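Here is my notebook from an afternoon of looking things up in one protein model. Have the viewer open and follow along with me.

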Amino acid sequence: MSKALDGVRILDFTHVQSGPTCTQLLAWLGADVIKVERVGEGDATRGQLRDIPGVDSLYFTMLNHNKRSITLDTKKPQGKAVLDTLIKHCDVLVENFAPGALDRMGITWEHIQQLNPRMIVASVKGFGPGPYADCKVYENVAQCAGGAASTTGFDDGPPLVTGAQIGDSGTGLHLALGIVAALFQRNSSGRGQKVLAPMQDAVLNLCRVKLRDQQRLERTGTMHEYPQYPDGKFGVAVPRAGNSSGGGQPGSILKCRGWETDPNAYIYFITQAAVWPAICKVIGEEGWITDDAYATPAARLLHLKPIFARIEKWTMTMTKFEAMEVLNQYDIPCGPILSMQEIAREPSLRETGTIVEVDHPTRGKYLTVGNPIKMSDSATEVTRSPLLGEHTDEILTQFGYSAAQLAQLRTEGVI
Ligand code: COA
């Protein structure tokens, strides 16, 4: 089967998480991704959070599937010359170095344009132009600066970062979309362009409902779906909303049977207006269907705490999976709090390719997350991440280097 991005060649100058997320996705969509790594050490994540001594970490393997690896010292003039050759043969250069690193290497936009005016140069940076443009940024910094941390957690606790890597992987996803759009535009313009996805911007984009709420708060002084309503106080900024639903349908995390010993024996329960009568029937509170205090969504907002406490009395009588079975019969929106262990063992996720088992020559078998985008005409086959420099000779031979030239570059420590 052909792939959506067949024929697109990516010069992957990325490291750590944000950039590699982007290029892995492009590889899954069919692009030929050539990962350029430092001689000897490679992407720093190869050696970080190692669970097996001397073996590429899961951190690295799970972000670099379907790529080819070339080692190249781009700070040496001979290495830069090799890089120039790669630039001429590729469609997109993707990088997420600290601000200015590419320029310091002499790989400026002008230089790239001269070599290949069709090249798209795509970058992740922590911040866009402004006071923090020169800062190095990691995941949690982006979560904090993008508005996620101040709006996550509980009212009486400090700001909280989330386990979802919205700063790194979230930005990588944004960048991938920008690259595909730039490739599309190049079909008519014939030109490459710069694509920038700042991590702060990507996090803020994912937090846009909170900027919505900031404006609602400034106008009305209150927000009825927040746990601070009706008993607590609102300040000048959007508060932390605990586990309340961010939308117009109130929701909460409720205990299920076994919660005393199992930290994940919980269910997320949404009191969607359309199924309110069904909810009342299921929990045995049929009187609430017509009771003025509970009959309308607006009235219920005044009583969310007692409502969820009553529903929780019901959910605590069964496991989260038993509760799911009952609630799904009535189309009541709900979801189990799944642990990573439960997700890893879920057969249906294996069947859809969402969780994939991969075999690696030095690590053996491990689990990874497959392509979350499923396409009917561009199937994803997840293949293992490359060993450091595994494809150096193959790639350089492909671009015209002779065996003697490779030997020379190797002697000089360039590859
Ligand atoms: N050959 C020779 N040198 C190379 C090289 C190669 N193949 N690849 C990278 N380098 C050099 C760079 O040129 C840079 O050198 P310089 O500092 O002399 O200019 C150096 O390696 C390190 O690059 P840098 O990006 O500064 O790495 P770092 O480990 O110090 O910082 C980050 C890591 C993530 C903080 C930083 O890259 C960053 O802020 N990136 C943008 C935001 C981002 O993506 N953050 C999320 C990461 S998940």
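**Entry 1: polar contacts around a glutamine.** I began with a term: a polar contact is a pair of N or O atoms within 3.5 Å; within protein, one must be able to donate a hydrogen and the other to accept it, and residues adjacent in sequence count only if both atoms are side-chain atoms. With that in hand I looked at Gln 143, and I found a polar atom of its side chain 2.8 Å from the backbone nitrogen of Thr 162. The side chain of Gln 143 also makes a polar contact with the side chain of Glu 139, at 2.7 Å. I placed Gln 143 in helix α6, residues 139-145.

**Entry 2: what I am looking at.** I noted that this is a predicted model, where local features need pLDDT of at least 70 and side-chain atom pairs count only at pLDDT 80 or more, while totals for chains, interfaces and linings use all residues. Residues are numbered from 1 along each chain as its sequence is written, and side-chain values use heavy atoms, with hydrogens and water left out.

**Entry 3: the whole chain.** I listed 17 helices and eleven strands. The C-alpha trace spans about 85 × 45 × 40 Å along its principal axes. I also needed words for cover: buried means under 20% relative accessible area, exposed means over 50%, and partly exposed is in between (1.4 Å probe, protein chains only). Of the 415 residues in the chain, 45% are buried. Back at Gln 143, I read 0% relative accessibility, so this residue counts as buried.

**Entry 4: a covered helix.** How many of the eleven residues of helix α1 are buried? I found eleven of the eleven, so helix α1 (residues 18-28) is largely enclosed by the rest of the structure. Among these buried residues are Cys 22, Gln 24 and Trp 28. Just after α1, Gly 30 takes a positive phi of about 115°.

**Entry 5: salt bridges.** I used this rule: a side-chain nitrogen of Lys or Arg lies within 4 Å of a carboxyl oxygen of Asp or Glu. My search of the whole structure gave 22 salt bridges. One of them joins Arg 46 and Glu 37 at 2.6 Å, N to O, and both Arg 46 and Glu 37 are buried.

Next I looked at Asp 51 and Arg 363, whose closest N and O atoms are 2.6 Å apart in a salt bridge. Asp 51 lies in the loop between β2 and α2 and Arg 363 in the loop between β10 (355-360) and β11 (364-369), so the pair ties together parts that are 312 residues apart in sequence. Asp 51 is partly exposed at 47% relative accessibility, whereas Arg 363 is buried at 11%.

Then I checked Asp 231 and Lys 305, which meet in a salt bridge at 4.0 Å, N to O. Asp 231 sits in the loop between α9 (208-220) and β7 (251-255) and Lys 305 in helix α12 (residues 304-315), so this pair links parts 74 residues apart in sequence. I read a relative accessible area of 64% for Asp 231, which is exposed, and 48% for Lys 305, which is partly exposed. I also saw Arg 9, Asp 32, Arg 68 and Glu 394 joined into one network by salt bridges that share partners.

Entry 6: A reminder to myself: most residues other than glycine have a negative phi, and most peptide bonds are trans. Which peptide bond did I find to be cis? The bond from Tyr 229 to Pro 230 is cis, with omega near 0°, and Pro 230 lies in the loop between α9 and β7.

Leu 49 is not a glycine, yet has a positive phi of about 55°. I found Leu 49 in the loop between β2 and α2, exposed at a relative accessible area of 72%. Asp 331 also has a positive phi, near 55°. Its place is in the loop between α13 (320-329) and β9 (334-336), and Asp 331 counts as exposed at 60% relative accessibility.

Entry 7: Last, I compared Asp 156 with Ile 10: they are 146 residues apart in sequence and 47 Å apart in space, C-alpha to C-alpha. Asp 156 lies in the loop between α6 and α7 (169-189), and is exposed at 75% relative accessible area.

Note on methods. Helix = DSSP H or I, 4+ residues; strand = E, 2+ residues; numbered from the N terminus.
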